[in-house]
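Please examine the sequence and the model together before reading on. The paragraphs below move from helices to loops and their backbone geometry.

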Amino acid sequence: MSRAIRQDGSIRALGAMSGTSLDGVDAAVVETDGARIFGFGPSGYEGYTPEQREVLRAGLGQWTGDAVDAAGELVTQAHAKALSGFEGVELVGFHGQTLAHDPQGRRTLQVGNGAELAQALGRPVVWDFRSDDVAMGGEGAPLAPFFHFACAKWIGADAPLCFLNLGGVGNLTYVDPSFDKPEQPGALLAFDTGPANAPINDLVQARLGLPMDKDGAIAAGGEVETGALELFLAEPYFSRMPPKSLDRNDFAEMIGLVAELGDADAVATLTGMCAAGVVQGMEHCPKPPSRVLVTGGGRHNPVLMEMLRVSLDCPVEPVEAVGLDGDMLEAQAFAFLAVRVARGMPTSCPGTTGVGALVGGGIVSVPEVG
């Protein structure tokens, strides 16, 4: 790896993310020493076909079996294709695809074989980031907060702020940039806010054969059913103190709450549920944040963004407002975390996953020679 290490100690690392929205593989390069960001490199995206998404859907919620094996093989192959075109990187962070997540049972499953991927790419691959955290009693999620802390430093933030990722599941990172390191008590608080795009995607796929509510067009034509929203917010998850995390399908009954509504009202109500979960979560912030920077696909939904803006007491903006790439932030995070793992640095702490001690989870697989 020495050829990729610069005088400032940074490594040019490539990260990949296949999220719970099941849309495809994001890939992005970050130059980092595991503590600071020195620059961002090229990025790319490899979308899943409808047939591939069905293979992944078949494995959701499963721990073993043929569906899990098929999903794992697909994920490895898709990442080998998505990551093969990048030059000048010597370390890869591979998150894999989460099929099941049960931190209370001390187990989590991200499929995809990092050792096979290392062999295919001819580069070291860091993978299985979550298992050690969960085994030590942590939630195993979210894992991007240490990267969010570095991003706050990168943009020169001087007041507490939040990064809000609206992918399949929503998660919030509160960052206090007055601290020197992310693992210091008080520097970070992170947790899943609730479902985000996943139930919306599932509903429009089932009813309309569409992969998503593009640009919030369906929700814009509907109204939020307040009774369903109140039932949703009565779920015990929202009264739990963070850190806390969710499986993609933990709120599968949400679709049942809107089953009798028309398409537009159903999608508007699910969108309102996503926003309401975020608003509830913001109450846990130690100090009022100066702004909320939104990443993930949800930031492209003007209906959802407006719901957040009218409900929160601070500016709500896409991360592009500060020069970051909201489509690639998660992939960049796993490039950053890969460098931390390779250098023996922690990737989670009590404030991010509730784990009892600092944890640097991950397996490093090196391609065999000859």
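Helices and strands are here DSSP runs, numbered from the N terminus, with at least four residues of H or I for a helix and at least two of E for a strand. Under that numbering, proline 243 belongs to the loop between α8 (226–233) and α9 (254–257). The model is a predicted one, and the elements named below should be read with that in mind.

Eight of its ten residues are buried, so α5 is largely enclosed by the rest of the structure. The buried set consists of Pro145, Phe146, Phe147, His148, Phe149, Ala150, Cys151 and Ala152. Their cover includes strands β3 (37–47), β7 (161–166), β8 (169–175) and β9 (188–195), together with helices α12 (329–342) and α13 (350–353). After α5 comes glycine 156, which has a positive phi, near 75 degrees.

The loop between α4 (131–135) and α5 contains proline 142. The peptide bond that leads from alanine 141 to proline 142 is cis, and its omega is near -10 degrees. Another cis peptide bond joins proline 242 to proline 243, with omega at about 0 degrees; as stated above, proline 243 is in the loop between α8 and α9. For context, most peptide bonds are trans, and most residues other than glycine have a negative phi.

Two residues other than glycine have a positive phi and can be considered in turn. Arginine 106 has a phi near 55 degrees and is located in the loop between β4 (91–102) and β5 (107–111). With a relative accessibility of 52%, arginine 106 counts as exposed, because the cut-off for that class is over 50%. Aspartate 128 also has a positive phi, of about 55 degrees, and is placed in the loop between β6 (125–127) and α4. The relative accessible area of aspartate 128 is 24%, so this residue is classed as partly exposed.

A negative surface patch is made up of Asp66, Asp69, Glu73 and Glu116. Of this patch, α2 supplies the largest share, three residues. Aspartate 69, a residue of α2, is exposed, with a relative accessible area of 53%. In an α-helix there are 3.6 residues a turn, so residues three or four places apart point the same way.

Apart from neighbours within four places in sequence, histidine 79 makes contact with Ala16, Ser18, Val25, Tyr48, Phe94 and Leu117.

Once neighbours within four places in sequence are set aside, its contacts are Pro160, Leu161, Cys162, Met282 and Cys314. Proline 289 and tyrosine 174 are 115 residues apart along the chain, while their C-alpha atoms are separated by 7.6 Å.

How values were computed:
Residues are numbered from 1 along each chain as its sequence is written. This is a predicted model: local features need pLDDT of at least 70, side-chain atom pairs count only at pLDDT 80 or more; totals for chains, interfaces and linings use all residues. Side-chain values use heavy atoms; hydrogens and water are left out. Patches are made of residues with over 30% relative accessible area and no salt bridge: like charges are joined within 9 Å, nonpolar side chains (Val, Leu, Ile, Met, Phe, Trp, Tyr) within 5 Å. Accessible areas come from the Shrake-Rupley method with a 1.4 Å probe; for residues, only the protein chains shown count as cover. A salt bridge is a side-chain nitrogen of Lys or Arg within 4 Å of a carboxyl oxygen of Asp or Glu. Lys and Arg count as positive and Asp and Glu as negative; His and the chain ends are not counted. The place of a charge is taken as NZ of Lys, CZ of Arg, CG of Asp or CD of Glu. Buried means under 20% relative accessible area, exposed over 50%, partly exposed in between (1.4 Å probe, protein chains only). Contact means heavy atoms within 4.5 Å.
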